[in-house]
Amino acid sequence: MSQQPLLSVEPLGRFRVWRHNGDEISSHQWGREKARTLCQYLITRRGVLTSKERIAFDLWPMLDIQRADRDFKVALNALMTALEPERRPRSGSRFVQRQG
């Protein structure tokens, strides 16, 4: 018996993500466009440990480090909420691994 994937991603064309129950994450559920962009970014770097500073520089190159850090945290929270709406606040994610 094969297990159903926890997420299904269609990365080419219109970027789309479905949860394990078959529900597609809607534009409204992403909360912010940068959450979707962050998801795409992390998928392209899957398996590569990437610093928060590197991500902030790549996604918000025109912002100073404090504003980029703040926007990164907001986008990351929106991303994790979109992927796992049942996740408790401040709990770990099954999809986004953090270190340090």
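Helices here are DSSP runs (H or I) of at least four residues, numbered from the N terminus. With that in hand, welcome to a set of close-ups of a predicted model.

**View 1. R70 sits in helix α4.**

**View 2. Helix α4 spans 26 Å from its first C-alpha to its last.** This helix has 19 residues, and its reach is close to the 27 Å expected at 1.5 Å a residue. Several of its residues are buried, among them A68, F72, L76, L79 and M80. What do the buried residues of α4 pack against? Their partners are β1, β2, α1, α2 and α3.

**View 3. The largest nonpolar core holds 22 residues.** Those touching the most other members are W30, L38, W60, L76 and L79. Helices α2 (33–44), α3 (52–59) and α4 (65–83) each supply at least two residues of this core, and the largest share, nine residues, comes from α4. In soluble globular proteins, nonpolar side chains tend to be buried together.

**View 4. L79 touches residues from elsewhere in the sequence.** Leaving aside residues up to four places away in sequence, the contacts of L79 are W30, A35, L38, C39, L42 and V96.

**View 5. F15 and W30 form a tilted aromatic pair.** The count of aromatic pairs in the model comes to one. In this pair the centres are 6.3 Å apart, with 40° between the planes. The pair links distant parts of the chain: F15 belongs to the loop between β1 (7–10) and β2 (16–19), whereas W30 lies in helix α1 (residues 27–30), 15 residues apart. Both F15 and W30 are buried.

**View 6. K34 lies over the face of W60.** Here K34 is at 5.3 Å from the centre of the W60 ring. You have met W60 already, as one of the core residues that touch the most other members.

**View 7. Strands β1 and β2 form a hairpin.** The two strands pair in the antiparallel sense over four bridges. Start at E10 and cross to β2, where its bridge partner is R16. Five residues lie between the strands, and G13 in the turn has a positive phi of about 75°.

Conventions. Residues are numbered from 1 along each chain as its sequence is written. This is a predicted model: local features need pLDDT of at least 70, side-chain atom pairs count only at pLDDT 80 or more; totals for chains, interfaces and linings use all residues. Side-chain values use heavy atoms; hydrogens and water are left out. Rings of Phe, Tyr and Trp (its six-membered ring) pair if their centres lie within 6.5 Å; planes under 30 degrees apart count as stacked, over 60 as edge-to-face and the rest as tilted. Buried means under 20% relative accessible area, exposed over 50%, partly exposed in between (1.4 Å probe, protein chains only). A charge sits over a ring if NZ of Lys or CZ of Arg is within 6 Å of the ring centre and within 35 degrees of the ring normal. Two strands pair if DSSP finds at least two bridges between them. A nonpolar core is a set of buried Ala, Val, Leu, Ile, Met, Phe, Trp, Tyr and Cys residues joined through side-chain atoms within 4.5 Å. Contact means heavy atoms within 4.5 Å. The expected span of a helix is 1.5 Å times one less than its number of residues.
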